[in-house]
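Student: I have a new structure to look at and would like to learn how to read it. Could you take me through it piece by piece?

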Amino acid sequence: MKTEASAARTRGLGSGDAARRTIEAGRAGRKPPHAVAKAGRPPAAVSLSLSVQYAVEAPALPRWRLRRWIARALDGARDDGLVAFQGMEISMRIVGLAEGRRLNRDFRGRDYATNVLTFEYGVGPDDVARGDIVLCLPVLRREAREQRKTPLAHAAHLTVHGTLHALGYDHIRERDARRMEGLETRVLADMGIADPYAPR
């Protein structure tokens with residue numbers, strides 16, 4: 001299963017200026033800046049502020065469910081040793097094919113709708129990490145059918161995957177991919193969801 005993400009240094013998904021400043025996600029083995037800045041401190045509970053926008057109807061993905069998945073990803077990342085800041089602010093948007101394709105084209109130069117996009121903004125002076133996650137619902141549903149998964153299990157995986165990208169995890173290099181995918185698998189297993197990377 002392929003998941004994809006992009007990272008932007010500025011907030012706002014529709015800004016032309018943001019598109020020009022977009023960078024590919026991936027630090028190739030380096031810790032995220034927020035982890036470096038807070039290294040050595042004992043992990044504390046991470047507060048979570050979540051806003052959700054629905055460009056398409058998604059009754060199976062209410063805010064409370066998305067929040068639960070994101071919170072579990074934050075707990076897993078904290079236990080993994082990379083989350084050492086005080087809070088996380090995430091905006092999540094559920095979109096259709098046209099918007100998903102436009103965002104992927106404008107921010108990543110790829111003219112197709114992908115399953116998940118993550119915009120990572122790092123941690124601010126207030127010790128709060130920020131990011132945006134975009135889920136493309138039609139792609140999510142199609143992939144779930146192709147991979148013989150339930151749409152909810154696949155949505156949980158993509159949400160966890162996007163959250164970890166927002167925290168600085170990546171899968172460009174093999175060792176980084178092993179760490180990220182291993183963490184995703186553990187977080188999902190704790191929620192009773194099968195390994196998304198296991199052959200089917």
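Student: Let's begin with a histidine. In which helix does His161 lie?

Tutor: His161 lies in helix H6, residues 151-166. Helices here are DSSP runs of H or I with at least four residues, strands are runs of E with at least two, and both are numbered from the N terminus. Before we go on, this is a predicted model: local features need pLDDT of at least 70, side-chain atom pairs count only at pLDDT 80 or more, and totals for chains, interfaces and linings use all residues. Residues are numbered from 1 along each chain as its sequence is written, and side-chain values use heavy atoms, with hydrogens and water left out.

Student: Which residues does UniProt list for "binding site"?

Tutor: The unreviewed UniProt entry lists His161, His165 and His171 under that heading. UniProt positions are given in the numbering used here, feature names are shortened, and annotations may be inferred rather than shown by experiment.

Student: Is His161 buried or exposed?

Tutor: Buried means under 20% relative accessible area, exposed means over 50%, and partly exposed is in between, using a 1.4 Å probe and protein chains only. His161 has a relative accessibility of 1%, so it counts as buried. His171 sits in the loop between H6 and helix H7 (174-190), and with 23% it is partly exposed.

Student: What joins the side chains of His171 and His161?

Tutor: A polar contact does, at 3.4 Å. The term stands for a pair of N or O atoms within 3.5 Å; within protein, one must be able to donate a hydrogen and the other to accept it, and residues adjacent in sequence count only if both atoms are side-chain atoms.

Student: How many residues of H6 are buried?

Tutor: H6 is mostly covered, with 14 of its 16 residues buried. You can check helix length too: the expected span is 1.5 Å times one less than the number of residues. For H6 that gives 22 Å, and the end C-alpha atoms are 22 Å apart, which agrees. After H6 comes Gly168, whose phi is positive, near 105°.

Student: What about H3: how far does it reach from its first C-alpha to its last?

Tutor: H3 (residues 63-80) has 18 residues and reaches 26 Å, close to the 26 Å expected. Its buried residues include Trp69, Ile70 and Leu74. Among the elements covering the buried residues of H3 are strand S3 (47-54), strand S4 (87-95), H6 and H7. Gly81 follows H3, and its phi is positive, near 100°.

Student: Now the rings. How many aromatic pairs does a search of the whole structure find?

Tutor: A pair of aromatic rings is described by the distance of the centres and the angle of the planes. Rings of Phe, Tyr and Trp (its six-membered ring) pair if their centres lie within 6.5 Å; planes under 30 degrees apart count as stacked, over 60 as edge-to-face and the rest as tilted. The search finds 1 aromatic pair. It is Phe107 with Phe119, edge-to-face, at 4.8 Å centre to centre and 80° between the planes. Phe107 lies in helix H4 (residues 97-108) and Phe119 in strand S5 (residues 116-123), so the pair ties together parts that are 12 residues apart in sequence. Phe107 is buried at 7%, and Phe119 is buried at 1%.

Student: Which residues are linked in a network of salt bridges?

Tutor: Arg101, Arg102, Arg105, Asp106 and Asp111 are.

Key: Contact means heavy atoms within 4.5 Å. A salt bridge is a side-chain nitrogen of Lys or Arg within 4 Å of a carboxyl oxygen of Asp or Glu.
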